[in-house]
Amino acid sequence: MRILKRAITMIILLTAFCAAGCFHYPENPPLTAINTNEGYRYSVVRDDPDGDKPFVLLSFSGGGTRAAAFAFGLMEELRNLEYSKPDGVKRKLLDDVEIISSVSGGSFTSAYYALFPGEFFTKFPDRFLYRNVEGALLLRVCNPYNWFRLAYPDFSRIDMAEEYYNETIFERKTFAELVNRQRGSAPFLVLNATDIGITHRFEFTQDQFDLLCSDLSGVRVSRAVAASSNFPVAFPPMTMNINKQNCGPLPVWIDAAMKDQGLNRRKTDALAALSYRAEGRLYAHLLDGGISDNLGLRGPFQAVTTNDSAWSILNQINRKRLKQLMVIAVNAKTTKHSDWDKTSKPPGITKVLGVVMNGPMDDVSFDSVEMTENHFGYMKQLSDTVNACNNLLKECPAVKPRTNPITTDFTFTELSFDRIPDPRLRRCLQELPTSFYLPRETVDLLRVTAAQLLMTSDSFVKGMQELDPAWRPRTVVIDGKLVDTVCGVQR
Amino acid sequence: MEFFTVPCPGRGEGFIDGISLGENKSNGELNVFQCNPGNHYISMNCLAGKSCKVSKQLINIIDTNPISPMEVPFECAS
């Protein structure tokens, strides 16, 4: 009888507690007035780029722990990589990383580095890479207390997962932590999700939150990472509030873009931005960033090719602050090898769903890589044309040569399993699952593979030697026993 | 990629869609700026105590190249 009374009291107390709004997603706070000198923006947290140093931009793809470990391997290699400046002073390339744009699994690595650069290399592997995050999340779902909470409409599995990330990985830090620290102490972090109401990339920067009249400083970093890795179906969309008070005008480029003829990417971006101020749009629902861009490259591409991006790199080029731009994309895309076409029987629903989910995403990623490579090639071609023209003009001394306005060298490097020369290792990593748990040896193999791919990338080596002609890549040897453990013993 | 200059008789600081491009000239020679194709608000802040007759222009910048950039002229009056 006493137990029953206690149970009833507990239920009444919980119900009363919940009526007060305890089981609700943490709301992103409103912003009363936009101030472009405050908040988590590139111009606030980074100094103006120094043309004497390379401007390094990293993009980390989605792919669960596989992607996080692959990105971590790149970071380790950048930490070890030193070059000599023209004055002979040694410098680590890691210190030249200005921006990291990431998606889904890659966002765990980028966010942890931005928050805790001093302890990243020692603590992140145990905090995330070697941890069975998937198992821990499943345990939380099995907890009866959480069933009760999940019954409420404004609290869902993604909010529960985010609580776990917040408590166990990101130490309850908000974006205010990134704003208030010493300027330039960590790269500018761009965590990408997808706004499914408009099927558009959504980045966790104050410039994006200005559109929602919301203050990103009051948002936990773990919410951004959870939104970025919010895998459809496994989790429901994450909700962000759009505040309707007038906090200030929209960026000028939006009005200019709306006057463009026809419909192009720029106008689509402008329409997406305008949608947050539309009457009746009160919430944004966010899913995995991979739905709109699984490489995290679209934001950087926009920043390099337009003046419209809030962190436009083209604007820095116009200010002559950039001599060398190095973009390194970590692409943990897998390629599943099937033998469906050997029989007349069509593949089952799970396999078909896999194709439906990954097929378009892989296609967009392929295009993103090609667009970036083509743009860099195009800029070089334009620059070569001006130089060729000036060479011809040497025969006409009366004509003044043209100053070449393209003064930036571009280097693009993609690390992907498809580029692994050893067919056994390539196939083995291409077949890895997308999950939040991988065996320790698999994580270690991904780390060393990223290092080897970087050191054997022709474009990266060329870019480094433009920076320091004496620089040579180190030889990265992958332990055969490690490969055997992860991929099976070779017959 | 598109290329443009912002000439004026004197010196000035150019802007594209409200973002500074820096000074319009270096060592007396016009700087060539880069932008994405389409409409842009180009403005100028005249330096050396002068002000622009027209401070902002909406210009459709397309079909340019680095050898023949589009000119978006401004006049600085005292």
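User: Which residues of helix 5 in chain A are buried?

Analyst: Happy to start there. This is a predicted model, where local features need pLDDT of at least 70, side-chain atom pairs count only at pLDDT 80 or more, and totals for chains, interfaces and linings use all residues. Residues are numbered from 1 along each chain as its sequence is written, and chains are lettered from A and ligands numbered from 1 in the order in which they are written. A residue is buried if 20 or more other C-beta atoms (placed from the backbone) lie within 10 Å of its own, exposed if 12 or fewer, and partly exposed in between. Helices (H or I, at least four residues) and strands (E, at least two) are DSSP runs, numbered from the N terminus. In helix 5, residues 120-129, the buried ones are F120(A), F124(A), F128(A) and L129(A).

User: Why do they line one face of the helix?

Analyst: Viewed down the axis, the buried residues of helix 5 of chain A fall within an arc of 75°, so they line one face; the arc is that of the directions from the helix axis to the C-beta atoms. The face turned away from that buried side carries exposed T122(A) and D126(A).

User: How many helices and strands does chain B have?

Analyst: Chain B has zero helices and 11 strands. Its radius of gyration, taken over C-alpha atoms, is 12 Å, close to the 12 Å from the globule rule for 78 residues, so chain B is as compact as a globular protein of that length. That rule is 2.2 Å times the number of residues to the power 0.38. Buried residues make up 38% of the 78 residues in chain B.
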